[in-house]
Amino acid sequence: MGKPFIKLVQSPHAYYFFDVNQNQVVRIPEQTYHILEEMLSGKDTKEDENIRRLKRIGFLSDRKVCEIRHPDTDMLQDILGTKLNSLVLQITQSCNLRCRYCIYSEHSNQLQRSHSMKRMDLETAKKAVDFFAVHSCETQLPTVAFYGGEPLLEFENIKRIITYAKEKLCGQKIRFTFTTNGVLLTPEIADYAYENEIYFMLSLDGPASVHDKNRKDAGGNGTYEVIQKNMSYIKERYPEYYKKLAMNTVLDTGQDYEKIVSMYQNPLWSGMSGYYSSYIEEMEEMEEMKEMDEVKHPVITDDFRKQEAYHRFLAYAEYLKTGAYTGKDAVAAQDVRELGKLKDETFEKHQGLPERGAPSGPCVPGQLKLFVNADGDFYPCERVSELSECMKIGNVVDGFDASAVEQMLNIATLTEDNCRTCWAFRLCGLCVRQADGGTYLSKEARLAGCKKARIRAEQKIRDYIMVKECGRGL
């Protein structure tokens, strides 16, 4: 038998290994830990009784997949034929704001399209809806989402598409959503959204002093005040509907963290169904953009790191003690939610690796989110670059490009030798987006993301151990 396929991890209190085959984190004595450490380094080391016992019950196997092949590969025709979950329509590429960090800015991202006046015409939208209606017939709650730019610039078109979608998906319950900066949420639009049960996610980056620094309109003016006015109307007029809305905050790591999260003390922003946060996208990966004088992506300041870590510590401490977090920091609350998923979603027990398999990370391209751009081209989701030919998976006229979808699903074949032997096989978060070579799927681009993927995988293990050691039911 070869070296066990494991990852050794220490906590301040104990010693563990993550077993890749079983997808389990196992606590072991210090002596056993050091024996395994020597085994992994290639030394000829005598096993102790703990190692022999663990092997008898199925742990410490050296088994690896023989071939990289995603388990959904053979079911692609059925999945894409009847089980699409969500249609995301790029209703416009135009936006009424000029956010400093926007990936569609002329200055912020050379790898993505820029804002333009291009819009999706009604016929293209109808073809997309027609396609989705047929290919989501086995989906319990199909979703039609409107994306931009700022989708509310095309409010009249959105109304026409919603009417058409209700006709085409007659007999099915449909969920309609959009993402908005909130500036155009007039009472007329709010009333229509309520009456038609259209739910949305609001983008808001903090109180006025924070939000208005980055999220300005085309004239350079801050937008917090008008968003506050628009959302106040909705909360006062439709309080139950308001509870079903969500908010996303883009964290500007060059600002004061305490000031950002002070937003959640405002009663107006409380009581929504979900709060999400993200960092300014790709800022640490786009080194060339940091040197530009016109737009500087913020670095993560020491103060930001300390304040964020302190708030996360307080949230974790409360959760680990009581099983819940009652604080007002929605960013920390998001981290706590992720802790709760570790046992059931991340470290679900498995009975060894199969002969053929694939690292976690890739979803079935187009199933969870079929993104259709203004021209009617298909992409696996809205997060990939529209400038990359290798990201296209079809169009509204020809349907799916089955070979492109299969290639994306099995993106790990590009790095097969690396993936087969990587301890993060079951915890990897890399998808096709990290293999974007512009005109081709790039092995080098995918490998460049491996270090970060392993860091994130190890953090999941350490978070799981922390929760386990504190007795939170894992």
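Student: Where is Thr-73 found?
Tutor: Thr-73 sits in the loop that runs between β4 (67-68) and α3 (76-82). Helices (H or I, at least four residues) and strands (E, at least two) are DSSP runs, numbered from the N terminus. Residues are numbered from 1 along each chain as its sequence is written, and side-chain values use heavy atoms, with hydrogens and water left out. The model is predicted: local features need pLDDT of at least 70, side-chain atom pairs count only at pLDDT 80 or more, and totals for chains, interfaces and linings use all residues.

Student: Is Thr-73 buried or exposed?
Tutor: Thr-73 is buried, at 6% relative accessible area. Buried means under 20% relative accessible area, exposed means over 50%, and partly exposed is in between (1.4 Å probe, protein chains only).

Student: What does Thr-73 touch, not counting residues up to four places away in sequence?
Tutor: Glu-406, Leu-409 and Asn-410. Contact here means heavy atoms within 4.5 Å.

Student: And Asp-74, which residue is its salt bridge partner?
Tutor: Arg-69, with the closest N and O atoms 2.7 Å apart. A salt bridge is a side-chain nitrogen of Lys or Arg within 4 Å of a carboxyl oxygen of Asp or Glu. Asp-74 is exposed, at 58% relative accessible area.

Student: Which residues are linked with Asp-74 in a network of salt bridges?
Tutor: Arg-69, Arg-356 and Glu-406 are linked with Asp-74 in that network. Glu-406 came up above, as one of the residues that Thr-73 touches.

Student: How many salt bridges does the structure hold?
Tutor: There are 25. Among them is the pair Arg-56 and Glu-49, whose closest N and O atoms are 3.0 Å apart. Arg-56 counts as exposed at 58% relative accessibility, and Glu-49 is partly exposed at 42%. Glu-389 and Lys-392 also meet in a salt bridge, at 3.3 Å from N to O. Glu-389 is partly exposed at 48%, as is Lys-392 at 24%.

Student: What touches Gly-149?
Tutor: Ser-94 does. Ser-94 also touches Ser-116, Met-117, Lys-118, Glu-150 and Leu-153, leaving aside residues up to four places away in sequence. Ser-94 is in the loop between β5 (86-90) and α4, and is buried at 13% relative accessible area.

Student: What about phi of Asn-23?
Tutor: Phi of Asn-23 is near 60 degrees, which is positive in a residue other than glycine. Asn-23 is in the loop between β2 (15-19) and β3 (24-28), buried at 2% relative accessible area.

Student: And Glu-197, what is its phi?
Tutor: Positive as well, about 50 degrees, though Glu-197 is not a glycine. Its loop runs between α6 (187-195) and β8 (198-203). Glu-197 is partly exposed, with 41% relative accessibility.

Student: Back to α4. Where is Val-134 found?
Tutor: Val-134 is in helix α4, which covers residues 122-135, and is exposed at 51% relative accessible area. From Val-134 to Lys-83 is 51 residues in sequence and 9.4 Å in space, C-alpha to C-alpha.

Student: Now the overall picture. How many helices and strands?
Tutor: The protein has 18 helices and 15 strands. Its radius of gyration is 24 Å, close to the 23 Å from the globule rule for 474 residues, so the protein is as compact as a globular protein of that length. That radius is taken over C-alpha atoms, and the rule is 2.2 Å times the number of residues to the power 0.38. Along the principal axes, the C-alpha atoms fill a box of roughly 75 × 50 × 50 Å.

Student: What percentage of the residues is buried?
Tutor: 51% of the 474 residues. As for contacts with a separation of 6 or more, 72% are between residues 24 or more positions apart.

Student: And how far apart are the mean positions of the positive and negative charges?
Tutor: They are 4 Å apart, for 63 positive and 70 negative charges. Lys and Arg count as positive and Asp and Glu as negative, while His and the chain ends are not counted. Each charge is placed at NZ of Lys, CZ of Arg, CG of Asp or CD of Glu.
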